Amino acid sequence: MRRSRNTVLSVISAGVFLAILYMLNLNRAGNGMLISIMQKSAIFALVAVSMNLLNGFTGLFSLGQAGFMSIGAYTTAILLIPVQSLDGVYYMNGINPGIRALKVFLSALPPWFQSVYPFVALIIGALFAAVIASIVGVAVLRLKSDYLAIATLGLSEIIRALFSSPQLDGITNGSYGLNKIPAFPKMFGGLVPPIITPFIVSAVCITLIVLLIRSSYGRAFMAIREDEIAAEAMGISLFKHKSMSFIISSFFSALAGGMLAMYMRSIEAKTFSITLTYDILLIVVIGGIGSVTGSVLGAFLVTASKEWWLRFFDQPLELFGWDVPLFRTGFRMVIFSILLMMVVLIYRRGLMGTNEFSWDRIFGRFKWKRKKVQGGGS
Amino acid sequence: MSITTILQHSLTGISLGGAYGLIAIGYTLVYGILRLINFAHGDIFMMAGYFMIFSLASFPWPIAIVVTLLITVLMGIAIERVAYKPLRSSPRMSIMISAIGVSYLLQNLATYLFTAIPRGYPEIPLLKRIFRVGELSASLVTLLTPVLTIVLVVLLMILVNKTKTGMAMRAASKDFETAKLMGININRVITVTFAIGSLLAGIGSILYFTDRMSVTPFSGTLPGLKCFVAAVFGGIGNIPGAVIGGFFIGIVETLLVALGYSTFSDAFTFVLLIVMLLVKPTGLFGEKTMEKV
């Protein structure tokens with residue numbers, strides 16, 4: 001009874017969300033900013049959840065997200081830039097002939113392939129990152145806590161340096177970056193308009209991660225988080241599960257990176273600096289380390305307030321003829337950092353702590369309040 | 001490449017390495033006691049750069065240096081009090097996130113206060129005086145940096161090994177809990193540690209930025225991480241090790257830039273870190289000397 005009620009509520013709220021998106025789609029010009037903020041939130045939600053899988057559920061403090069995102073972004077971008085724009089993009093150094101030949105070959109394939117090609121490109125980028133993660137993981141995952149953090153941070157910097165190096169000019173266009181990346185494609189032959197695609201992809205990926213967390217593998221991850229030695233004693237292979245978590249997290253980070261490339265339409269190595277990882281960490285911490293719904297909620301809240309609600313902090317403000325001091329460019333980010341510090345120091349659990357969003361909890365809260373009122377009355 | 005060029009680059013490298021060494025000491029001291037990578041240390045170094053710009057605008061240089069160092073030390077202590085002290089008994093991950101948060105805050109604060117446009121670092125004429133030996137030429141700061149670094153390290157070693165405060169620091173880094181039981185005022189020890197670390201970061205910042213000429217809110221991030229690598233390379237907790245690591249990274253980096261691999265000079269540091277952690281996690285001098293401050 002309660003279960004079916006919860007399912008119905010979840011389906012209804014997902015439906016309402018989709019309906020809102022379709023309504024926004026009808027008036028794209030008027031809601032441009034809202035749509036773009038929500039798309040960015042959806043992409044960041046996926047990265048945050050994948051970071052949470054590693055940091056919150058497996059207890060491996062990794063700061064390499066930006067690096068894996070850049071692998072996904074670059075791979076997807078290189079695969080997707082239209083053949084006729086190649087010369088314009090690689091105007092400085094020319095493109096590697098092998099890649100051009102591959103792209104010319106791919107562009108000659110039949111239309112059904114072209115319609116799924118963007119998704120294939122996303123998955124290829126993600127797989128590429130997963131392969132790199134599996135190789136690097138062998139070395140890096142032997143490290144513990146803070147050493148792991150600094151090593152993965154270093155790894156992401158190494159990847160960034162490689163992508164912007166002149167030796168790879170023909171592939172990554174070095175420090176010039178890539179542009180003319182096509183925007184999001186439509187799905188299911190136009191049933192899902194382009195602007196809703198990132199939401200669908202993110203939702204599918206996050207669902208997959210949730211399924212993984214709920215499986216026996218997920219339980220093993222959490223056992224490792226709680227106590228490595230005890231987990232090993234229970235017969236959980238530490239290395240196998242750690243590298244699995246690392247590879248899967250990198251896979252989805254890279255997929256989100258690919259979507260970010262489609263969202264931004266142009267990328268450069270600088271986009272994927274340490275600051276990007278910190279931004280995602282901020283989302284995870286505010287949402288609650290170890291809560292998937294917290295990360296999703298955090299992604300939407302943080303992105304919306306950063307790009308929209310708190311914008312006014314950056315504008316000079318005049319109240320009743322009095323120039324309010326402090327309000328100028330950059331103040332918003334200061335407020336943000338102070339909020340983050342407050343969450344870290346005072347409200348340590350973040351929005352959700354390690355709990356997940358559930359209808360039972362919401363109804364439970366109502367009941368609890370009602371009971372309290374009754375108790376007071378008698 | 002002629003021998004003169006090589007010597008010239010080595011000189012630059014040694015000078016850069018000296019500044020790195022001074023910053024690395026801050027990491028190694030804090031890690032030795034709190035087991036915390038103080039991600040904010042690089043940003044303290046950056047802020048010291050800005051303090052110097054502003055204090056030099058209003059004071060003559062000897063006073064400006066003192067003022068800068070004083071403010072930097074106070075900032076280091078304040079950060080410890082506000083951001084790390086309340087989390088002393090929490091898991092290590094929370095303290096590390098707090099450190100990242102402070103680093104984020106300092107960068108954003110600097111962007112807000114001083115804008116992201118690079119600001120010219122003022123020149124102290126005395127430090128910029130050029131000396132020539134044969135075909136080699138070097139400014140005083142290039143020559144002064146390694147000497148000053150070594151002098152400071154010797155002083156610090158004396159402090160750590162011969163004084164009561166130093167003994168307390170060594171005890172705290174050996175065993176935090178027991179040191180507390182033995183009546184050591186652990187909070188005072190940590191304050192002293194942060195004060196020393198920030199002081200050295202301030203001195204390092206003056207030496208580093210005099211050669212680089214400009215400061216941006218993000219110019220602390222990479223040097224900070226590199227200096228942490230230097231500390232790991234030399235064996236974390238080991239003061240001379242950190243300085244040797246700093247010199248090593250400074251020299252190799254300068255040579256890589258000289259050879260035309262400037263994009264890889266940052267990557268090299270991290271490759272070094274990963275290789276070092278896998279081959280000898282205790283660092284070059286980690287095991288040999290058991291003292292861990």
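In the predicted model, the contact between the two chains draws 36 residues from chain A and 30 residues from chain B. On the side of chain A that touches chain B, at least two residues are supplied by each of the helices α6 (111-140), α7 (145-163), α13 (274-287) and α15 (331-345). Helix α7(A) provides the largest share of this side, with 13 residues. Sorted by class, the side of chain A that touches chain B consists of 26 nonpolar, 6 polar and 4 charged residues.

The secondary structure of chain A amounts to 16 helices and 2 strands. The radius of gyration of chain A is 23 Å, which is close to the 21 Å that the globule rule gives for 378 residues; chain A is therefore as compact as a globular protein of that length. The C-alpha trace of chain A spans about 85 × 65 × 45 Å along its principal axes. Of the 378 residues in this chain, 41% count as buried. Among contacts in chain A between residues at least 6 apart in sequence, 78% link residues that are at least 24 apart.

In chain B, strand β2 (residues 130-133) pairs with strand β3 (residues 136-139) in the antiparallel sense, over 4 bridges. Within this pairing, B:R132 of chain B stands opposite B:S137 in β3(B). The strands β2(B) and β3(B) form a hairpin, with 2 residues between them. In the turn of this hairpin, B:G134 has a positive phi of about 60°.

Key:
Residues numbered from 1 in each chain as written. Chains lettered and ligands numbered in written order. Predicted model: local features only at pLDDT ≥ 70, side-chain atom pairs only at ≥ 80, totals over all residues. Contact = placed C-beta atoms within 7 Å. Nonpolar A, V, L, I, M, F, W, Y, C, P; charged D, E, K, R; others polar. Rg over C-alpha atoms; globule rule 2.2 N^0.38 Å. Buried ≥ 20, exposed ≤ 12 C-beta atoms within 10 Å, placed from the backbone. Pairing = 2+ DSSP bridges.
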